[in-house]
Amino acid sequence: VFKIKAVQLAGKLLPAFNTPTGIPWAMVNLKSGVGRNWGWASAGSSILAEFGTLHMEFVHLSYLTGDPVYYNKVLHIRKLLQKMDRPNGLYPNYLNPRTGRWGQHHTSVGGLGDSFYEYLLKAWLMSDKMDTEARKMYDDAVEAIEKHLIRKSNGGLTFIGEWKNGHLERKMGHLTCFAGGMFALGADGSRDDKAGHYLQLGAEIAHTCHESYDRTTLKLGPEAFKFDGGVEAVAVRQNEKYYILRPEVIETYWYMWRFTHDPKYRQWGWEATQ
């Protein structure tokens with residue numbers, strides 16, 4: 001019954017792909033099949049973290065049903081992304097589904113971009129490491145992220161900034177904190193035998209995100225925190241000083257515990273729970 005429901009839902013979603021480029025709309029009316037994008041998303045662009053994270057579900061649905069239509073839709077997205085020029089090797093968060101051109105050159109490993117990178121890695125893992133295309137895209141993306149987005153603060157904290165129109169914004173979102181676990185998960189199978197490097201990078205991101213928690217009164221991390229003007233791992237703007245049960249930091253603690261068995265990750269998780 002769940003497979004039947006999945007097929008029914010996927011059938012309602014397929015009209016979202018009816019765009020000049022095959023990049024799906026963010027929203028589709030399940031009755032009429034008419035799709036549209038958010039007006040605020042760089043003049044109506046589609047969002048990387050949305051259209052870029054359909055791959056695993058649609059590939060698996062084709063596997064379960066024997067119907068290649070779902071696989072073909074997401075494979076087209078991947079092929080299109082591979083052909084496109086990427087500024088500094090980075091994937092911008094916005095892609096116009098009408099023109100096939102990038103929107104605003106804003107790259108983030110947090111909101112608007114995050115799960116795209118996560119799903120490249122997990123697509124490789126789900127395929128029993130046979131989807132080498134996904135692994136290559138992940139490795140290429142991580143190398144560009146390391147080169148252009150990852151920096152170390154004056155106080156020694158490793159953080160992942162955001163690239164906006166040729167400028168690095170030294171701000172890290174809570175959503176970005178999932179990347180510590182992602183780097184650890186992707187360490188095995190990394191290029192040039194850099195497993196130790198990526199496990200260490202995951203540990204450094206976990207430490208930074210823990211600091212963003214530890215430097216607040218309630219020991220719960222803010223929505224975003226800065227590394228600028230003497231401020232490190234602290235929210236500056238009032239509209240970033242809140243916590244809405246986001247799981248990314250705890251997720252990274254969990255991965256780091258599984259890969260290292262260092263008891264501090266359990267302790268950090270317990271601190272947040274309390």
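Two strands are said to pair if DSSP finds at least two bridges between them. The structure described here is a predicted model.

**The strand hairpin**

Strand S11 (residues 224-228) and strand S12 (residues 231-234) run antiparallel and are joined by three bridges. Within this arrangement, Asp228 stands opposite Val231 in S12. The hairpin of S11 and S12 has two residues between the strands, and Gly229 takes a positive phi near 60 degrees there.

**The packing of helix H3**

Helix H3 (residues 55-65) packs with helix H4 (residues 69-83) and also with helix H5 (residues 114-126). The table lists the geometry of each pair.

| Helix pair | Packing angle | Distance between axes |
|---|---|---|
| H3 and H4 | about 150 degrees | 7 Å |
| H3 and H5 | about 30 degrees | 9 Å |

For H3 and H4, the angle of about 150 degrees makes H3 roughly antiparallel to H4, because angles over 145 degrees count as such. Their crossing is left-handed. On the H3 side, the contact is made by His55, Phe58, Val59, Leu61, Ser62 and Thr65, while H4 contributes Val69, Tyr70, Tyr71, Val74 and Arg78. Seven residues of this contact between H3 and H4 are nonpolar, three are polar and one is charged.

How are H3 and H5 oriented to each other? The two helices are roughly parallel, because angles under 35 degrees count as roughly parallel. Here His55, Met56, Glu57 and His60 in H3 meet Tyr119, Lys122, Ala123 and Met126 in H5. The contact of H3 with H5 comprises four nonpolar, two polar and two charged residues.

Definitions and conventions
Residues numbered from 1 in each chain as written. Predicted model: local features only at pLDDT ≥ 70, side-chain atom pairs only at ≥ 80, totals over all residues. Heavy atoms only, no water. Axes fitted to C-alpha atoms, helices over the stretch in contact; angles between N-to-C directions. Helix = DSSP H or I, 4+ residues; strand = E, 2+ residues; numbered from the N terminus. Parallel < 35°, antiparallel > 145°, perpendicular 65-115°, else oblique. Left-handed = near helix turned anticlockwise from the far one by under 90°. Contact = heavy atoms within 4.5 Å. Nonpolar A, V, L, I, M, F, W, Y, C, P; charged D, E, K, R; others polar.
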